Amino acid sequence: MIEVSHLTRIFRTYKKQPGFWGGVKGLFKREYEETAAANDVSFSIAEGEFVGFLGPNGAGKTTTLKMLSGLIYPTSGTARVAGFDPTKRENAYRRIFALVMGQKNQLWWDLPAIESFNLLRAIYAIPPEQFKATLDELITLLDIGRKLNVMVRELSLGERMKMELIAALLHRPRVLFLDEPTIGLDVVSQKAVRQFLREYNRKRRVTILLTSHYMADIKELCERVIVIHKGRKIYDGALDRLETAGGARKKIITFVPGITATGAAGAAAFPDSWQSRYGTTTRSDDGKFTLSVAGENVVAVSQEILSAGPVADITIEDVPLEDVIAELFNAQA
Ligand SMILES: Nc1ncnc2c1ncn2[C@@H]1O[C@H](COP(=O)(O)OP(=O)(O)OP(=O)(O)O)[C@@H](O)[C@H]1O
Ligand SMILES: [Mg+2]
């Protein structure tokens, strides 16, 4: 459904010299800086897949989604979505995809949502029957019927995002690009949007590419993730394989009174051997030690800690996905 091949986008920005004379100099000799926002990115996504698109700020996610939507042109490389070349901006292509950006509004601010929907019905020439059926379905799924006649600027952020989703889906696109659709939403609204997206993806088999900085979104919705960093793809595969890429590690957090990391006088030293045998060890100011250990060592390490002294507290946690991904980025840096 989506075929991306060596997609590259270079942004050329004017580098202004500091100060007044720098500005004057710039009038005669401009210096440019080139950023590869997307650098030789290739992937393919099958119909009905729900793929997470991850990367830190500035990685090139939005740039890639904009190229797939035909909003900006690639510097080189190609993309095909449902057989269309987005750069051609054909009307037929507009009918089969939608782009939702959590940071931008597509709805008319001073109109009630229902009027924006009616305008979209006209723009896309959606048959009245189909329009009504689709709208009813979306309103029910998102539970937002009461607010249809409220001016969009008077809606809460969560309500507005629901309306944005309806607006994007009225013409029943087959491909959906979602750029941080849950940004700024409270936990309850985030959950509602997630639940909606999951149901909609299953029911209609729409292909979805989703970016989000909230790992809960990705974990709940996507089996597969594509990770980009500095414009380059660094991972493409199952989310659970990414999670275990950290070696299925666990975090042991312990508080042992009387043990210090440095072995201060009167207190037993935090054994250096733990560090060398079990990997990363950190100590917080309040005297907690955090060890990141391989899954198979958890029992042995816990026993060792328990026998080292009077343990006040010990907890064992999964290494959060955020940390695994951050390590992946660091490894690439
Ligand atoms: N119009 C533009 N002109 C110049 N540089 C740009 C432009 N748009 C994006 N960039 C640069 O391209 C890089 C990628 O930006 P992009 O918005 O795609 O990142 P992102 O992955 O969406 O980040 P975020 O998670 O913060 O939304 C950044 O370094 C950004 O500064
Ligand atoms: Mg972005």
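In this predicted model, Arg 153 is partly exposed, at 41% relative accessibility. Its salt-bridge partner is Asp 110, with an N to O separation of 2.6 Å. Asp 110 is likewise partly exposed, at a relative accessible area of 48%. The two residues lie 43 positions apart in the chain: Arg 153 belongs to the loop between helix H5 (128-142) and H6, and Asp 110 to the loop between strand E5 (97-101) and H4.

The model has 13 salt bridges, including those tabulated here.

| Salt bridge | N to O distance | Separation in chain |
|---|---|---|
| Arg 153 and Asp 110 | 2.6 Å | 43 residues |
| Asp 217 and Arg 194 | 2.7 Å | 23 residues |
| Arg 224 and Glu 49 | 3.1 Å | 175 residues |

Asp 217 in helix H8 (residues 215-221) is joined to Arg 194 in helix H7 (residues 187-204), and both residues are buried. In the pair of Arg 224 and Glu 49, the arginine lies in strand E8 (residues 224-229) and the glutamate in the loop between strand E2 (31-45) and strand E3 (50-54). Arg 224 is buried, at 15% relative accessible area, whereas Glu 49 is partly exposed, at 23%. Through shared partners, salt bridges connect Glu 49, Arg 224, Lys 233 and Asp 236 in one network.

Ala 113, Phe 117 and Leu 120 of H4 contact Met 163, Ile 166 and Ala 167 of H6. By class, this contact comprises six nonpolar residues, with no polar and no charged ones.

Methods. Residues numbered from 1 in each chain as written. Chains lettered and ligands numbered in written order. Predicted model: local features only at pLDDT ≥ 70, side-chain atom pairs only at ≥ 80, totals over all residues. Heavy atoms only, no water. Contact = heavy atoms within 4.5 Å. Helix = DSSP H or I, 4+ residues; strand = E, 2+ residues; numbered from the N terminus. Nonpolar A, V, L, I, M, F, W, Y, C, P; charged D, E, K, R; others polar. Salt bridge = Lys/Arg side-chain N within 4 Å of Asp/Glu carboxyl O. Buried < 20%, exposed > 50% of the residue type's maximum accessible area, 1.4 Å probe, protein only.
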